[in-house]
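Here is a friendly walk through some helix pairs and a ligand site. Have the model open beside you as you read.

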Amino acid sequence: MSQKINRLVVIGLGLIGSSLAKAARDRGLCNEVIGSSRSPETLVKAISNGVVDRVVDQIEDVANELGEGDVVVIGVPTLTVPTIVRQLQPLLADTVTITDVASVKGSVVDTVAEVYGQIPRQFVPGHPIAGSEKSGVDAVNSTLFDDHRVILTPLPETGADHLHRVKSLWQGVGAVVTDMSVADHDEILAATSHLPHLLAYALVDTLSNMRENQEIFRYAAGGFRDFTRIAASDPLMWHDIIVANDKAVLSVLNQLTDHIESLKQAIVASDSEKLLGVFTRASEARNHFTKMLENKAYLEPMTQTIDYRVTPGGKVSGEIRIPGDKSISHRSIMLGSLAKGVTEVTGFLEGEDSLATLQAFRDMGVVIEGPVDGRVVIHGVGINGLKAPAGPLYLGNSGTSMRLLSGLLAAQSFDVELTGDESLSKRPMERVAAPLRQMGAVIETEEGGRPPLRIKGGQQLRGIDYVLPMASAQVKSCVLLAGLYADDKTSTTEPAPTRDHTERMLSGFGYQVNRQGAVADLTGGGELVATNIDVPADISSATFYMVAAAIAPGSDITLLHVGINPTRIGVINILQMMGADIQLLNQAEVGGEPVADIRIRYAPLHGINIPEDQVPLAIDEFPALFVAAACAEGQTVLTGAEELRVKESDRIQAMADGLQTLGVDVKPTPDGIVIQGGAIQGEDIQGNIFGGGTVDSEDDHRIAMSFAVAGLRAKDSIVIKNCNNVATSFPGFVALANQAGLKIVEEKR
Ligand code: S3P
């Protein structure tokens, strides 16, 4: 990747300049590293610390010798850059690559354009985001740039060869390089770096004028220390940065002072709702900042990829509590936010999907406390109380968030854009956009009806009678939620029963929903009244443990307080048809949803033709059911399940590929699959079903967990690639699975 540079000349041996020089020298990226500084003392240290091969007092001493393949790095404080550029201009050949490390790019680019009369193609503006409150050559650190971001702001005039050379240099010292426009760079850095430094200096200065310095530091708690760490940074450097980026800094400073003024007023008025709102939103934003930045700024989270390695064999046993139901968790946030009053949710799923919904409502001004141990308190704003979010609502991997929100947001007064991760960005949204447009909504999608969805505000919706073309609870819910805002009555007719949590929960919030057979209707213009919600354990997550017990001889496991809504129990019905031993204990009803403890013990399974009426009732459970089918005696046939092809992955293909890798005879069909169950040749039916091998979850949580369960009946280890998304629906899956008796190790790469 890195291309050898002939000579690297670093002008200015501060922390950044000297660290770059030493990193490049230590890693052998250049034939010679030359340093220059105004300070003779620095030059002596640079030699004795092994920062450079050679030093020069005057840049003239070396500039004339340089040519193609040589790189000059201007590493001086921002306001000194013009002096150096003026000095260099008559000396350097136009083949020498020039770059800089200043924290402000606009002022540097203006200087270069002025001195050269235009931007020379040899100039590559750059900025490593690797500061520290330490400064100078004494702080030199050759690993300073490892995994840190370097932003380059190449201009149209910048030559590709020069850009490539500078990129290689930074990559060679371990940095991750991003390109950005000069204006974006200066605005983003004003907000995320320059303003915080200004504030830290201001706070320390204010407090030190109030009391004796010493006293402050003696009593200072962690907060003061954390907040003001950066006030120990190089004052000249930060002076230069703030002066050089004055406009962008002033703009964000104005926003902040307005915000502080409104907090001041909230304190005067004892407006604790306002204070709590700001604090909860900010604390959540801070907790999720990597994800939010992924959407908005320069820092891509450097998360590692997680693979699972499953040791073969074992059985499951014990009593376990599975995390909360994902569908119900989403809906609790949505309806709680739109209700009048305070809704308390317990058992909330703290998975990434439901947290995406929670964050979206915070972004629309709803005060939401928690989650803490599954408890969330939502301060509802009323059906018309949402506020325009500052930017697009980022919904991660969550199809449910996007489809249900599109209904709720179709009739708001503001415009909104819904975006998601790579997988969500490929999923079909026309199925919700089409009925919403019939209701009068104005929605744009990307080509092929894919996200992002751009919804225009200020539309009055009209009720429709919508006959769903596919059995989809998300589409049904979307239309009903839009119906809350429509004139007159909205009805949905579904081709087969799908999960009815929206209808049940609307009733729980006091909104009348009429239901007759396949038809549900409601009339717009009503109100939701806050209520408390106890979210049962998610039967879709429980499925992995049910299948585990059903396939592993000797298993006996009880799953506590699981939702057994009749529209969700296809997995129980199908497993029972296959011969599984399942008991429902302690049946009860909580908040309008039936629950039970599910006990399941190993019993031999046999293959079946899965009745098509069970498909929507087990729609999320098929990946795991395919594993059960592979362990059953005889053939299992699934038809009428083409919807599986448009889930988080094409679940028919992803499972067929993985099962085939593990030696199972499967045939995918357009709307299902045929699986020949049974043991590996030569072994009895209780023996091994799966060979070992490496399978890919295709970033789909349910595929990952299904193959983990297959390990119970495997001959050798199974490695499952790309399991990060298990966190979308089942945080803590590996720990709970291992507690029950599986043997899964997470491997990070
Ligand atoms: C869900 C509905 C189902 C399901 C999804 C959650 C819901 O999707 O697959 O995981 O909460 O309404 P479809 O409506 O697309 O079938």
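Let us begin with helix H21 (residues 570-577) and helix H22 (residues 622-631), whose axes come within 11 Å and cross at roughly 10°. Axes here are lines fitted to C-alpha atoms, for helices over the stretch in contact, with angles running from 0 to 180 degrees between N-to-C directions. Helices are DSSP runs (H or I, at least four residues) numbered from the N terminus. H21 and H22 are therefore roughly parallel to each other, a label given to angles under 35 degrees. Val571, Ile574 and Leu575 of H21 meet Phe622, Leu625 and Ala628 of H22 in the contact, where contact means heavy atoms within 4.5 Å. By class, these residues are six nonpolar, no polar and no charged. Ala, Val, Leu, Ile, Met, Phe, Trp, Tyr, Cys and Pro count as nonpolar, Asp, Glu, Lys and Arg as charged, and the others, Gly among them, as polar.

A word on the basis of all this. The model is predicted, so local features need pLDDT of at least 70 and side-chain atom pairs count only at pLDDT 80 or more, while totals for chains, interfaces and linings use all residues. Residues are numbered from 1 along each chain as its sequence is written, and side-chain values use heavy atoms, with hydrogens and water left out.

Next come helix H14 (residues 326-338) and helix H15 (residues 352-363), with axes that come within 9 Å and cross at roughly 10°. That crossing makes H14 roughly parallel to H15. On the H14 side the contact includes His330, Ile333 and Met334, and on the H15 side it includes Thr357, Leu358 and Phe361. The contact of H14 with H15 has four nonpolar, five polar and two charged residues.

Helix H16 (residues 399-409) and helix H17 (residues 430-438) have axes that come within 10 Å and cross at roughly 10°. H16 is thus roughly parallel to H17. Arg403, Ser406 and Gly407 of H16 touch Arg431, Val432 and Leu436 of H17, a set of two nonpolar, two polar and two charged residues.

Arg403 also belongs to the ligand's surroundings, together with residues including Ser327, Arg331, Thr400, Arg499 and Lys647; to be counted, a residue needs a heavy atom within 4 Å. Some polar contacts (pairs of N or O atoms within 3.5 Å) are listed below.

| Residue | Protein atom | Distance to a ligand oxygen atom |
|---|---|---|
| Ser472 | N or O atom in the side chain | 2.6 Å |
| Gln474 | polar backbone atom | 2.8 Å |
| Asp620 | N or O atom in the side chain | 2.6 Å |

Notes: Helices (H or I, at least four residues) and strands (E, at least two) are DSSP runs, numbered from the N terminus. Angles under 35 degrees count as roughly parallel, over 145 as roughly antiparallel, 65 to 115 as roughly perpendicular and the rest as oblique. A polar contact is a pair of N or O atoms within 3.5 Å; within protein, one must be able to donate a hydrogen and the other to accept it, and residues adjacent in sequence count only if both atoms are side-chain atoms.
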